[in-house]
Number of protein chains: 2
Amino acid sequence: MDIYSEIVSLAKRRGFFYPSYDIYGGEAGFYDYGPLGTRLKHNVEEKWRMFYVLRERCMEISTPSITPYAVFKASGHVDKFLDVVLSCSKCGFSAKEENVDEASRSSLECPECGGRLQRGHMNLMFETETGALDRRQAFLRPETAQGIFVDFPFLYQFSRKQLPMGVVQVGKGFRNEVSPRQSLYRLREFSMAEAEIFFDPEDKTHPRFDEVADDTLMVIPADADEQMATVGSLLDSGVIGNQALAYYVALTRRFLLAVGIDDQKLRFRQHEPDEMAHYATDCWDAEIRTALGWIECVGIADRTAYDLSAHMEATGEDMTAFRRYDTARQETRRRIIPDMAKLGPAFKEQAKIIASQLEKMEPPENVDDGLVVKVDGEDVPVDPGLYDVVEEEITITGENVIPHVVEPSYGIDRILYSILEHSYFRGEKEGESYVRLELPSDIAPVTAGVFPLVSKDGLPDIARGIADELRSQGMLTYYDEGGSIGRRYARMDEIGTPFCVTVDFDTLEDDTVTVRYRDTTEQVRVPRNELAGWLREWVDG
Amino acid sequence: MDIYSEIVSLAKRRGFFYPSYDIYGGEAGFYDYGPLGTRLKHNVEEKWRMFYVLRERCMEISTPSITPYAVFKASGHVDKFLDVVLSCSKCGFSAKEENVDEASRSSLECPECGGRLQRGHMNLMFETETGALDRRQAFLRPETAQGIFVDFPFLYQFSRKQLPMGVVQVGKGFRNEVSPRQSLYRLREFSMAEAEIFFDPEDKTHPRFDEVADDTLMVIPADADEQMATVGSLLDSGVIGNQALAYYVALTRRFLLAVGIDDQKLRFRQHEPDEMAHYATDCWDAEIRTALGWIECVGIADRTAYDLSAHMEATGEDMTAFRRYDTARQETRRRIIPDMAKLGPAFKEQAKIIASQLEKMEPPENVDDGLVVKVDGEDVPVDPGLYDVVEEEITITGENVIPHVVEPSYGIDRILYSILEHSYFRGEKEGESYVRLELPSDIAPVTAGVFPLVSKDGLPDIARGIADELRSQGMLTYYDEGGSIGRRYARMDEIGTPFCVTVDFDTLEDDTVTVRYRDTTEQVRVPRNELAGWLREWVDG
């Protein structure tokens with residue numbers, strides 16, 4: 001059995017993940033997280049918040065999955081979020097064009113039945129309708145990002161109008177994939193953690209860049225060879241286009257290592273120009289090597305002003321930030337001042353609107369031959385005697401700019417699969433094969449197995465008490481009194497539990513317990529009343 | 001302004017919650033949580049996990065929102081999850097029947113235009129379709145519970161076949177409400193936390209019932225007057241039907257108090273028989289008094305075997321648990337033993353299937369006149385000489401039963417609104433009105449405001465360092481150097497931040513900081529290197 005199948009089998013047997021609606025025959029593209037998988041996911045997402053919300057000081061928001069048509073029309077998803085699909089009307093075969101072999105693609109001959117393939121476009125968004133009787137078209141969001149963009153004016157207020165401003169969202173995304181496959185790899189409903197960091201378009205520096213400048217990582221630039229290099233040198237040589245992108249590439253690597261991804265199986269690949277999503281001008285994928293090949297788990301994209309401009313155009317709302325100049329500028333401005341005393345008699349009830357149009361107008365070079373304003377779509381000429389043009393000195397403290405967005409977008413499900421694979425260790429012990437998941441202590445779903453050595457003499461009560469105490473301090477425990485201690489250790493190793501606590505007869509004497517560490521199988525005795533603190537320190541690193 | 005409007009206004013101004021897609025004119029029934037609301041929600045959900053996952057030892061799972069048609073057909077939602085709607089074809093008015101005044105209901109005269117009202121049924125589920133070309137009907141789940149029920153066979157394995165077994169899910173629910181309204185009160189996309197606890201149908205006792213037996217709460221039974229009583233006495237007098245229901249009523253109250261609900265504004269009301277959801281036989285609602293009236297925030301329902309039976313019938317899968325008898329029973333069983341030596345020659349290639357049918361058959365009283373078995377839908381008579389009937393002593397260790405489900409189902413959004421209202425305090429200070437949210441320390445979105453007394457002499461750097469250190473330990477901080485200390489305190493009071501830490505000139509001398517407590521405005525000096533531990537202890541209570 002290959003390692004992918006071993007993991008899928010372990011995941012189902014022990015409750016990490018398994019196909020949804022299994023008793024109904026399953027539904028392609030949907031997976032459940034069982035008790036262990038849900039806790040693993042929880043821990044990974046909490047670690048992500050530690051990185052992005054607590055340390056990076058991003059604001060986390062939470063917006064709906066159901067999104068009105070107008071939002072995705074403006075964002076370009078209605079028109080551009082498409083897959084090219086080849087389908088055969090004879091046998092029903094259908095697949096994304098990129099997944100069909102080249103010969104069939106050029107001959108348009110069905111690889112299954114030899115029939116003729118049709119090329120078509122399919123939008124990947126799930127559709128629904130809101131409203132009781134006045135139904136309105138809506139979509140399930142294919143990314144959480146748009147919920148952030150449409151809130152920009154609010155969020156910019158909350159952040160007290162500072163750039164850079166980071167906003168994140170952790171939640172579900174939905175894509176009606178043509179060919180969902182390989183369990184968590186291509187799902188139709190998936191979990192994402194996205195950060196949208198809004199920068200002044202002329203200043204994509206990051207205040208903490210120096211902290212990551214010496215981090216070394218593997219990159220594959222679009223127009224150069226694979227190379228190991230420091231983040232600083234990649235920026236200096238122009239391989240990565242700006243500090244913000246470089247910083248989030250480095251931060252992504254740090255996060256992935258912290259949750260248990262192997263640095264030797266991680267690389268950052270720059271998108272080819274024709275591979276980019278419709279909103280991006282540059283994109284670096286964090287790719288993780290697994291039994292499924294190199295899989296894209298995080299995309300770090302420069303979305304520039306694309307989304308904010310699109311929503312500004314669609315709604316007319318102000319999606320700009322104010323860039324304050326270092327020193328205010330003095331400028332000379334020409335301005336038209338209507339002469340109401342003359343306009344009134346000349347234009348009667350139209351005078352007011354004409355005056356207001358004149359005030360808004362940029363005066364042309366030559367104002368001596370009169371001006372023309374539009375009223376109700378009609379050109380109305382205004383004689384030169386009816387206004388004055390003055391020159392004023394004004395102070396300009398800054399200007400409005402549409403921020404640029406740099407977006408690290410994490411696919412949580414693929415990361416979870418990769419964590420399991422990279423932490424998966426199979427060995428032999430006393431002639432039997434056994435499995436150990438070497439998950440980081442703060443990511444592992446269960447922190448401690450708690451066992452009474454035997455199921456009598458009061459040991460179970462003490463062990464249950466310890467399990468309850470650890471749980472009351474936020475550490476998930478697994479109480480087990482079944483089978484030999486060796487079997488119980490093996491069950492915990494298989495799900496990556498970093499510690500096992502055994503209550504034995506010495507506990508009755510000196511109130512200590514045995515703590516066994518998963519990866520070394522080393523054992524130490526710890527006083528019972530210090531156990532929670534001792535574990536907490538290990539878990540928090 | 002009434003308190004509801006004050007809260008909605010505060011929520012929008014400071015970023016707790018506000019209408020979704022506001023720049024697109026909004027979408028009825030959808031709200032965003034801003035940065036403070038999202039953190040508040042996170043903290044409430046984490047507290048809920050502390051109650052249900054860590055202390056109650058329920059397993060948390062995570063299943064998709066998109067659900068195939070067959071699941072909700074079996075569960076009864078396709079046919080019974082309906083609202084009766086009155087609508088007017090003349091003016092477009094439409095509303096749930098229960099929300100239309102009684103006169104209009106009986107006259108069927110439109111309350112808006114006097115036109116004729118039509119009565120219709122509307123299913124509340126959002127519809128969508130999965131699949132690329134072979135589209136399949138699906139729904140967005142109106143409750144998370146069904147994702148748990150359909151996983152029962154898996155989960156029962158994971159729990160090592162123990163009852164009671166608790167399984168929870170925290171996630172989104174979707175209902176296409178006819179009349180969404182009052183911000184978080186009636187949403188079309190909402191957050192739930194549901195626990196499904198599977199009990200032996202003949203044993204709805206709870207192992208920790210004694211811990212809550214003396215808790216006193218306000219109840220309104222369906223057939224008796226409102227009363228204050230202990231949980232134990234309500235169970236003894238039969239007002240609450242079983243220990244499990246009574247336990248989760250008590251636990252719900254404890255949870256609500258822990259997140260900041262006022263015990264004086266909390267009651268448990270039993271549903272009238274005609275008010276119950278289609279799957280419930282008994283239901284107690286936790287109702288919270290707010291400016292919107294008494295609002296239902298948690299439903300604690302006895303769903304009996306309804307859901308598991310429905311899915312078992314629809315799929316044929318085994319949804320039972322094994323009830324082990326205290327002592328194994330000896331029973332005498334009659335069994336048919338086919339005589340293959342004679343069946344073979346008599347039935348040729350059909351002999352095997354006939355033998356297997358005979359083995360499966362419950363022997364009738366009289367077996368001397370021969371038996372009849374079904375083969376491919378045909379009756380096949382079998383002569384008495386072709387089989388024997390024996391009596392055996394067998395040991396029966398237990399039996400299979402379909403578990404009953406007791407379900408506490410929490411509406412997170414309504415609870416969040418209620419928390420804000422119950423913690424809302426408006427007072428006067430130096431002639432100005434001010435607002436304080438008295439949120440519990442571990443629920444408040446921001447744990448500490450961190451201020452330099454002045455923006456010079458190195459105080460900002462020290463303050464920023466403190467803010468970073470607290471964040472690195474998981475406490476959200478808000479750094480603020482704008483305006484007077486009084487203004488900064490007021491901004492933190494308004495969002496419920498329990499502590500403010502000020503770095504002043506004494507800090508430079510003795511490395512202590514001032515900590516001010518929100519509700520008492522008391523101030524103490526704390527050594528800087530003890531601050532994180534000091535706050536952590538307060539927050540953890």
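B:Asp480 and A:Arg160 join their side chains in a salt bridge, with N to O at 3.0 Å. The term means a side-chain nitrogen of Lys or Arg within 4 Å of a carboxyl oxygen of Asp or Glu. Side chains of opposite charge can pair when their charged atoms come close. Between chain B and chain A the count is six salt bridges.

## Basis of the model

This is a predicted model, in which local features need pLDDT of at least 70 and side-chain atom pairs count only at pLDDT 80 or more, while totals for chains, interfaces and linings use all residues. Residues are numbered from 1 along each chain as its sequence is written, chains are lettered from A and ligands numbered from 1 in the order in which they are written, and side-chain values use heavy atoms, with hydrogens and water left out.

## The interface of chains A and B

Chain B brings 84 residues to the contact, and chain A brings 84 residues. Contact here means heavy atoms within 4.5 Å. The two chains bury about 6900 Å² between them, and 58% of that lies on carbon and sulfur atoms. Buried area is the accessible area (1.4 Å probe) that two parts lose on being put together, summed over both. On the chain B side, B:Tyr21, B:Ile23 and B:Tyr24 lose the most area to chain A. Together they hold 12% of what that side buries.

Polar contacts also cross the interface: 38 residue pairs, with both residues at pLDDT 80 or more. Such a contact is a pair of N or O atoms within 3.5 Å; within protein, one must be able to donate a hydrogen and the other to accept it, and residues adjacent in sequence count only if both atoms are side-chain atoms. Helix H2 (residues 35-55) of chain B supplies the largest share of the side of chain B that touches chain A, 10 residues. Helices (H or I, at least four residues) and strands (E, at least two) are DSSP runs, numbered from the N terminus. By class, that side of chain B has 37 nonpolar, 21 polar and 26 charged residues. Ala, Val, Leu, Ile, Met, Phe, Trp, Tyr, Cys and Pro count as nonpolar, Asp, Glu, Lys and Arg as charged, and the others, Gly among them, as polar.

In chain A, helix H1 (residues 3-14) packs on helix H14 (residues 412-423) at about 105°, with the axes 10 Å apart. Axes are lines fitted to C-alpha atoms, for helices over the stretch in contact, and angles run from 0 to 180 degrees between N-to-C directions. H1(A) is therefore roughly perpendicular to H14(A), a label for angles of 65 to 115 degrees. A:Ile3, A:Tyr4 and A:Ile7 of H1(A) touch A:Tyr417, A:Leu420 and A:Glu421 of H14(A). That contact has five nonpolar, no polar and one charged residues.

In chain B, the axes of helix H1 (residues 3-14) and helix H14 (residues 412-423) come within 10 Å and cross at roughly 105°. H1(B) is thus roughly perpendicular to H14(B). Here B:Ile3, B:Tyr4 and B:Ile7 meet B:Tyr417, B:Leu420 and B:Glu421.

## Local features

Over all chains, the count comes to 89 salt bridges. One pairs A:Arg49 with A:Glu60, their closest N and O atoms 2.8 Å apart. A:Arg49 lies in helix H2 (residues 35-55) of chain A and A:Glu60 in strand E3 (residues 59-60) of chain A, so the pair ties together parts 11 residues apart in sequence.

The A:Leu163 to A:Pro164 peptide bond is cis, with omega near -5°. A:Pro164 sits in the loop between helix H7 (152-158) and strand E10 (165-174) of chain A. In chain B, the bond from B:Leu163 to B:Pro164 is cis, with omega near -5°.

How values were computed
Angles under 35 degrees count as roughly parallel, over 145 as roughly antiparallel, 65 to 115 as roughly perpendicular and the rest as oblique.
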